[in-house]
Amino acid sequence: MLGKIREWLRILVVLALLWPVLVQCTGNIRHYKFNVMMRNITRVCSTKPTVTVNGKFPGPTIYAREDDTLLIKVVNQVHYNLTVHWHGVKQIRTCWSDGPAYIAQCPIQPGKSYVYNFTVTDQRGTLFWHAHILWLRATVHGAIVILPTLDLPYPFSKPQKEVVIILGEWWKSDVEAVIDEATQSGLPPNISDAHTINGLPGPVSTCLSQERFNFLVEPGKKYLLRIINAALNEELFFKIAGHNLTVVEVDAAYVKPFETETILTAPGQTTNVILSANHKSGKYLMVTSPYMDSPLILVNNKTATATLQYISTNVSSTTFTVPPHRNATSIARKFMDSLRSLNSKKYPAKVPMKIDHSLFFIISLGLNPCASCYKGFRIVAAINNVTFVMPSVSLLNAHFNNRSGAFTDDFPGFPQYAFDYTGIPPENLRTMEGTKLYRLEYNSSVQLILQDTGLLSPENHPMHLHGFNFFVVGRGKGNFNPKVDPKNFNLVDPVERNTINAPSGGWVAIRFRANNPGVWFLHCLLEVHTTWGLKMAFVVDNGNGPNESLLPPPNDLPKC
């Protein structure tokens, strides 16, 4: 009898020790290994050494199911410092695995490794991963596919097949040499030489032998296309000749389905669409081309092509389609205005109604003195006239350990001086410089107006917020009017995203709840603007108790 009691006590002790694990590990644990290596890759009839993951461009797709834990070991075998960002993954309490260099971690140095350890919580859909240092994400990127739990089907008819389509840019030159040259001169960098669909540009005038991506379909079947814009500096249109697309999700958040001929996607954004193979046979051209409604901004006007081909098609001819004009603002606006959250019982739109922090950020370009630069100035970018200065240590580590000197938490919630933001610009285009953060209390609600300006040139700015999704409650042309515009906010079913365009010569309003402790980057996904300083970060304090607090740093966290 005494022996049985002792055995039961042992079992109870083991269960008590395992209880936190049993509670938290409701999904599977999935292991991935990323070997970051150089590989010679040929595109548009030119070969160059290229930074890749596991020798692939684009890199491997990460597959997970909601509630799974991912352990991704990144081994740096190249001569660059490296980090990887899991774009759109909320990283609940695991900011150490978010990835932006010197914000959430110190870089993985050459010859070193780091295991990114995080759980996918309350998310399902398409996201993507990419390098988050220098311009390495030009080729170091890939898809993240998060499947819903087995007991939770798609809120639309299940397609017969799913296909990842990654849109990107390609430079014949080393992209790091491109941005280094631009930084030294203070001028904009050279534009890319080609666009790509799943890593391939298709035939171009300077290289007719260039291979294109070919997608086989069967008549009568439905396909889920998981479309990702992995380009560095350009918003892109995407369309398929002879086929309409039904949009069902953006940025891993379901939307009310709508049909469109053309989708618009900014760098960092993802779009899931249903393609109905409603022809009996044939070949149909897929195209991706740039969207830019500012005539002063130079973009790569080359169109990347791929082929959708019906199985058993014998014809050699292809049905063509014409891509939209680069300044097709009406097409872009119609697409963005069609996006609405599903807002169903299972997937409600939890829009914050009471606001604790009402912020107004103006986005601008500027000119700061630079003795070695062209004409003595370099182009910079700023939020509220603050050009962000990257630190040499991890801001998250400084915050966690209460180390002073790495940053200040006095980032301005409003511009210091008001002016006609989209009208005649002021004469002084100089900005302040600093490593300034904005502090938020845990679980506080935030409304943020992102206002474009005409300083140097108006331009769309795809802004990405790490650590959170947000609701896009309003947008408009011209200057935001705080007395009039909020009356027209959509607080019922606004689209939920992690990356949103601040429109050229206009504004966009977002709302989110700061319920994730850590240091979270906000920056423009046009890599050239991030390089120029168009970025800042929020520091979100811990809440009450361990479940509302940042986890301690992992043992293998890289050091600066």
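Before counting rings, here's the rule: rings of Phe, Tyr and Trp (its six-membered ring) pair if their centres lie within 6.5 Å, and planes over 60 degrees apart count as edge-to-face. On that basis this predicted model holds 29 aromatic pairs. Take Phe156 and Tyr254: their ring centres are 6.2 Å apart and the planes sit at 80°, so you're looking at an edge-to-face pair. Phe156 is in the loop between β8 (141-147) and β9, while Tyr254 is in strand β15, so the contact ties together parts that are 98 residues apart in sequence. Both Phe156 and Tyr254 are buried. Phe215 and Tyr223 are also edge-to-face, at 5.5 Å centre to centre with 90° between the planes, and both of these residues are buried. Elsewhere, ring pairs join Phe360, Phe414, Phe419, Tyr421, Phe480, Phe489 and Trp507 into a cluster.

The charged end of Lys48 sits over the ring of Trp170, 4.5 Å from the ring's centre.

Now for the sheet. Six strands make an open sheet in the order β10-β9-β12-β17-β14-β15, with mixed pairing. At its edges are β10 (194-197) and β15 (253-260), each pairing on one side only. From one strand to the next, the twist averages 20°. Inside the sheet, β9 (residues 161-170) runs parallel to β12 (residues 222-229), and the two pair over 7 bridges. If you want a landmark, Glu162 has Leu224 in β12 as its bridge partner.

On to the cysteines. A disulfide is a covalent bond between the sulfur atoms of two cysteines. The count here is 3 disulfides. Cys45 and Cys207 form one of them, with sulfurs 2.0 Å apart; at 75° about the S-S bond, the link is right-handed. Cys45 is in the loop between β1 (29-43) and β2 (46-53) and Cys207 in the loop between β10 and β11 (214-217), so this bond ties together parts 162 residues apart in sequence.

Cys106 is joined to Cys560, S to S 1.9 Å. Here the torsion about the S-S bond is about -95°, so this disulfide is left-handed. Cys106 lies in the loop between β5 (84-87) and β6 (113-119) and Cys560 in the segment after β32 (535-540), so the bond spans 454 residues in sequence.

Cys370 and Cys373 also form a disulfide, with sulfurs 2.0 Å apart, and both are buried. Their link is right-handed, with 60° about the S-S bond. What about Cys95? Cys95 is in no disulfide, and the nearest cysteine sulfur, that of Cys106, is 13 Å away.

Note on methods: Residues numbered from 1 in each chain as written. Predicted model: local features only at pLDDT ≥ 70, side-chain atom pairs only at ≥ 80, totals over all residues. Heavy atoms only, no water. Pairing = 2+ DSSP bridges. Helix = DSSP H or I, 4+ residues; strand = E, 2+ residues; numbered from the N terminus. Axes fitted to C-alpha atoms, helices over the stretch in contact; angles between N-to-C directions. Phe/Tyr/Trp six-rings, centres within 6.5 Å; stacked < 30°, edge-to-face > 60°. Buried < 20%, exposed > 50% of the residue type's maximum accessible area, 1.4 Å probe, protein only. Lys NZ or Arg CZ within 6 Å of the ring centre and 35° of its normal. Disulfide = S-S within 2.5 Å.
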